Amino acid sequence: MRLVVTQIELIATRTKLVRVADPQGAPLPSFQPGAYIELYLPCGHAGGSSAREQGAPGTLRRAYSLVSSPHDTSSYAFAVLERDESRGGSRFVHHTLAPGAWLDVNPPRGSFKLAASATRTTLIAGGIGITPIYAFAEALRAKDADYQLHYSARTRDRMAFADALLESHGEHTKLYINRAGRTSLDLAAAIGAPSTGHHIYTCGPRTMIEGVKRVAHELGWRADHIHFETFGPASASTQRTPVSLRLSQSDLTVQVPPDVTLLEAMEEAGAFLDSECRRGECGKCTVSYSAGEVEHLDVCLSDEARQTQLCPCVSRALSDQLTVDA
Amino acid sequence: MRIDNPFHDGEQRVQELVGERDIADLNSGGIGDRIVAPAYRFLSQLRFLVLGHADAQHGSEATVLFGPAGFLRAEEDGAVLSIELDPMRDPQSDPVLSKLAPGGRIGGLAIDLATRRRLRINGRVRSFDAHQLVLEVRESYANCPKYIQKRVVELDERPHAESAPTASGSELGEPQRALIRSSDTLFVVSVHPSGEADASHRGGPPGFVQVEDDGTLVIPDYAGNSMFNTLGNLATNPRAALLFWDFETGRLLHLAGRATLHLNGSATEGTAERHWRFRAERWREQTLSTAVRLRLVERSPFNPPA
């Protein structure tokens, strides 16, 4: 669908809130808290090469969590942090996009959603990962639910929604500012002992999600009570040179340039595999590997599993050659 | 070619009940009306195929067909799957083959446990004789590797008797319950009232399927592709067939019965929040004559803890 930008507002350092609506003012499709929309940003140069990442030539597809109320479908709002490692998406939103501009948008969707059966909820956000977590907090407050929100960021001025949280969720919210470059959030204290019906939702950098999963596991939590979402593409890869990727089952070898993911290269080569999130979260594209070294950038595999398996949607080869069982 | 809105009423109902309709729509892009070219080679490497079928008279049935590498072939640009049958095996002794006729609906699951790759192939019987079963493909798509335990095929050189039912009954006995309780894998065949069948894989830690005292099976539903092909069928037609397989000995347990869905059951410890229950009405056990045996290499890293 084609929507029009109605408002852009700086809400925290390097963070802008963008509002989009139907040009004729028609109601937009409904959504659940935690859902995201995908925008096709006309950036000129596309960072990725797959059809899935690119809409039309010269567009970049980017997903942003909705922070507006599901009860108000007259517009959608989302927050965008300008990132240094941006492939062009957040830079475009911050410096080129203006009210009145038209954007092609895919309707809201997402698998990051609140469990209906939860009797207690702990929310843990890092940085701009606050966006779906803020939507959850609003929904939980509206239901008068039992919830706690832990929000960690580098500095106070970078904390989007901090004022709104303190005002409306004060007794449920704890903010943590980094000290000496490290988060002051004590995950073990925030997570605590597991109990029936208690669910954790976390969104933030990969290291935070890995930390939440590890600490919760150590405290005896069941994996299906921990829900997580990374924000945007995984951290920038260190891969700088092409990798020779051998697909052992297909009996093919392809060259993978640094700006193409292993999954994109495998698909391009005609490998036979499934995929879904493309952010290293769902594990559907997981494949066994051998004869190579891997930089694991997923959040779904255990350290043990990473000895033999990788998520080709985000993880990269560190060696010049790599063989996958596909 | 892709298929527009490939989901039937039961699938859509479950997708909406659990709030995963949007993800199902996203994933439906991978459903094609023929076998994709990258899967031809995959099929040619396989040694077995899981097949399901149902008709109004007999209910659902599930089976496994074996053959040498190359016994499965995609033909006619992927519009057809040809299955070479074992001429030594009497089709009348097979729960699915014995009931097949041209036009009959088949749900197929081509699965390689060694590389955790799987392909769904659903279609209709074009022709069928003692040597070959030819299917016209209606739907085909890849499934993800999650919950598949890695096993490699090993040839068993010992002579085996012609496969024959070794036991059957209605109430599950202790030997059957013990096999189910130790299993880390099952196959399930379900059928929409229109007759379209699905054959699907379920996996988890050994014991992921619980057997209650009265013989009811409790099967957890872990996060999957959100399409709910199986649960969608069960929502409209509870009759299902389950297959448990002792991969080391070749013992196969076929169950036919009825399922009930528990999509938002209370989160009792030890039971996944989403699960389904199955009551066997009849069972049949056989030991495969085939020389194919499978050895466990590694369980899925996605299995929840036992």
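Predicted model: local features only at pLDDT ≥ 70, side-chain atom pairs only at ≥ 80, totals over all residues.
**Chain B, overall.** Along its principal axes, the C-alpha trace of chain B spans about 50 × 45 × 40 Å. A compact globule with 306 residues would have a radius of gyration near 19 Å, and the 18 Å of chain B agrees with that.

Now colour chain B by accessibility. Of its 306 residues, 58% are buried. Contacts come next. Of those between residues at least 6 apart in sequence, 71% join residues at least 24 apart. Then show the charges of chain B, 35 positive and 41 negative. Their mean positions lie 1 Å apart.

**Helix α5 of chain B.** Select residues 229-236 of chain B. This is helix α5, and it is mostly covered, with six of its eight residues buried. Which residues of α5(B) are buried? Pick Asn229(B), Thr230(B), Leu231(B), Gly232(B), Asn233(B) and Leu234(B).

**Asp77(B).** Move to the loop between β3 (72-75) and β4 (80-84) of chain B, where Asp77(B) lies. Is Asp77(B) buried or exposed? Its relative accessibility is 58%; exposed means over 50%, so Asp77(B) counts as exposed. Check the backbone too. Phi of Asp77(B) is near 65°, a positive value in a residue other than glycine. Most residues other than glycine have a negative phi.

**Across to chain A.** Show both chains and select the contact. Chain A puts in 34 residues and chain B 35 residues. The area buried between chain A and chain B is about 2,700 Å², and carbon and sulfur atoms give 51% of that. Highlight Gln249(A), Phe272(A) and Lys284(A). Together they supply 26% of the area that chain A buries against chain B, more than any other three residues.

**Chain A, overall.** Chain A has six helices and 18 strands. The radius of gyration is 20 Å, close to the 20 Å from the globule rule for 326 residues, so chain A is as compact as a globular protein of that length. Its C-alpha atoms fill a box of roughly 60 × 50 × 40 Å along the principal axes.

Buried residues make up 55% of the 326 in chain A. The accessible surface of chain A is about 14,000 Å², and 49% of it belongs to carbon and sulfur atoms. Among contacts between residues at least 6 apart in sequence, 64% join residues at least 24 apart in chain A. For the charges, 32 positive and 36 negative, the mean positions are 3 Å apart.

**Phe136(A).** Select helix α2 (residues 130-142) of chain A and find Phe136(A) in it. With 0% relative accessibility, Phe136(A) counts as buried. What does Phe136(A) touch, leaving out residues up to four places away in sequence? Show Pro33(A), Gly34(A), Phe112(A), Lys113(A), Leu114(A), Leu123(A) and Tyr201(A). Then draw a distance to Tyr147(A), 11 residues from Phe136(A) along the chain: the C-alpha atoms are separated by 9.7 Å.

**Last stop, Phe161(A).** Go to the loop between β8 (147-153) and α3 (162-168) of chain A and select Phe161(A). Its relative accessibility is 13%, under the 20% cut-off, so Phe161(A) counts as buried. Phe161(A) is not a glycine, although its phi is positive, about 70°.

Definitions and conventions:
Residues numbered from 1 in each chain as written. Chains lettered and ligands numbered in written order. Heavy atoms only, no water. Helix = DSSP H or I, 4+ residues; strand = E, 2+ residues; numbered from the N terminus. Rg over C-alpha atoms; globule rule 2.2 N^0.38 Å. Buried < 20%, exposed > 50% of the residue type's maximum accessible area, 1.4 Å probe, protein only. Contact = heavy atoms within 4.5 Å. Areas by Shrake-Rupley, 256 points an atom, 1.4 Å probe, with all protein chains shown as cover. Lys, Arg positive; Asp, Glu negative; His and termini not counted. Charge placed at Lys NZ, Arg CZ, Asp CG, Glu CD. Buried area = accessible area lost by both parts, 1.4 Å probe.
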